[in-house]
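Here is a short tour to read alongside the sequence and the 3D view. Take a look, and then we will go through a few features together.

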Amino acid sequence: MKKPNYEDFIMKRAMDIFAEEGLKFFGIDKKVKDNGPTELVVLESKNMYMDYTFLMEDDSYIHFEFQTTNKGVEDLMRFRTYESLLNHQTKKEVITYVVYSGDIQNPVSEYKCGMNIYKVEAISMVNEDGDKVFDDIIEKLSCGKDIDKQDIIKLTFTPVMGGKMDKSEKILKAIKLSKEITSPYKRDMESILYAFANKFLSGKDLEKVKEELRVTEIGKSLIEEGKEQGKKEGIVEGERKKTIEIAKSLLDLLSTKMIAEKTGLTEEEVEALRNNK
């Protein structure tokens with residue numbers, strides 16, 4: 001089973017939550033007028049999906065792509081297609097920002113094609129100083145200062161920023177600090193940090209994060225979900241045991257094929273029961 005692309009989910013969810021403040025975090029000091037389209041339909045009836053667009057108050061579009069890999073010019077060619085189609089269909093100017101996570105540094109931000117040079121604004125999250133974000137927020141909390149939306153955004157993104165701590169330490173520290181913050185975005189922040197943990201951590205490191213989240217709102221939700229999942233799995237396992245018992249009682253009476261049809265087991269499973277009789 002393919003592992004979910006957590007970073008794509010995280011970045012898109014963050015833009016859903018933070019919108020204009022998220023743009024400020026990436027250095028864009030413009031006002032959002034509305035969310036823009038993300039689906040483009042071209043002549044051969046092929047749908048092309050952008051990650052995120054905003055229609056700004058100056059009637060231009062800001063187009064965001066969130067990348068966990070760096071394919072260089074190949075990626076830029078795709079973004080250029082998105083940008084050109086959006087410009088053609090809306091007749092509005094488009095500027096593309098590409099946000100790189102996954103420890104990607106110095107990605108290609110332009111390429112030449114014939115007489116034209118295509119450029120994007122490339123942002124590498126690893127170039128941001130996560131240690132400074134932690135220090136600034138701790139200082140604010142110790143002085144009793146308000147934690148604003150920009151602080152929340154920065155704290156949320158610390159796991160993919162640079163710094164001396166490893167990702168496990170940064171996620172745990174961000175969760176601990178979130179407990180001291182009062183904000184309507186607290187649950188969203190914890191959800192995104194948990195998604196980062198699932199993306200980057202495993203084993204004991206992931207268990208530490210779950211334990212740290214246990215007393216938070218998202219942690220309580222995870223516990224309840226776990227209980228419900230356990231109940232469902234218990235019911236399914238109980239039903240399977242009954243089915244196997246029924247199949248065993250029919251071994252001397254019906255053919256393997258008939259037992260499989262009546263119980264829903266595969267013929268291979270019925271044969272295994274027959275062989276272990």
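## A surface patch

V73 is found in helix α2 (residues 73-90); helices (H or I, at least four residues) and strands (E, at least two) are DSSP runs, numbered from the N terminus. At 35% relative accessibility, V73 counts as partly exposed, a class lying between buried (under 20% relative accessible area) and exposed (over 50%), with a 1.4 Å probe and protein chains only.

Together with M77 and V108, V73 forms a nonpolar patch on the surface, with about 220 Å² of accessible area in total.

## Model and confidence

This is a predicted model, where local features need pLDDT of at least 70 and side-chain atom pairs count only at pLDDT 80 or more, while totals for chains, interfaces and linings use all residues. Residues are numbered from 1 along each chain as its sequence is written, and side-chain values use heavy atoms, leaving out hydrogens and water.

The chain's mean pLDDT (the predictor's confidence in each residue, from 0 to 100) is 81, and 79% of its residues reach 70 or more. Where pLDDT is low, the predicted coordinates should not be read in detail.

## An enclosed helix

Why is helix α4 (residues 149-157) largely enclosed by the rest of the structure? Because 7 of its 9 residues are buried; among them are I152, I153, L155 and F157. At the start of α4, a side-chain oxygen of D148 reaches to within 3.1 Å of the backbone nitrogen of Q150.

## The whole chain

The chain has 10 helices and 9 strands, and 43% of its 277 residues are buried.

Conventions. Patches are made of residues with over 30% relative accessible area and no salt bridge: like charges are joined within 9 Å, nonpolar side chains (Val, Leu, Ile, Met, Phe, Trp, Tyr) within 5 Å. Accessible areas come from the Shrake-Rupley method with a 1.4 Å probe; for residues, only the protein chains shown count as cover. A salt bridge is a side-chain nitrogen of Lys or Arg within 4 Å of a carboxyl oxygen of Asp or Glu. A polar contact is a pair of N or O atoms within 3.5 Å; within protein, one must be able to donate a hydrogen and the other to accept it, and residues adjacent in sequence count only if both atoms are side-chain atoms.
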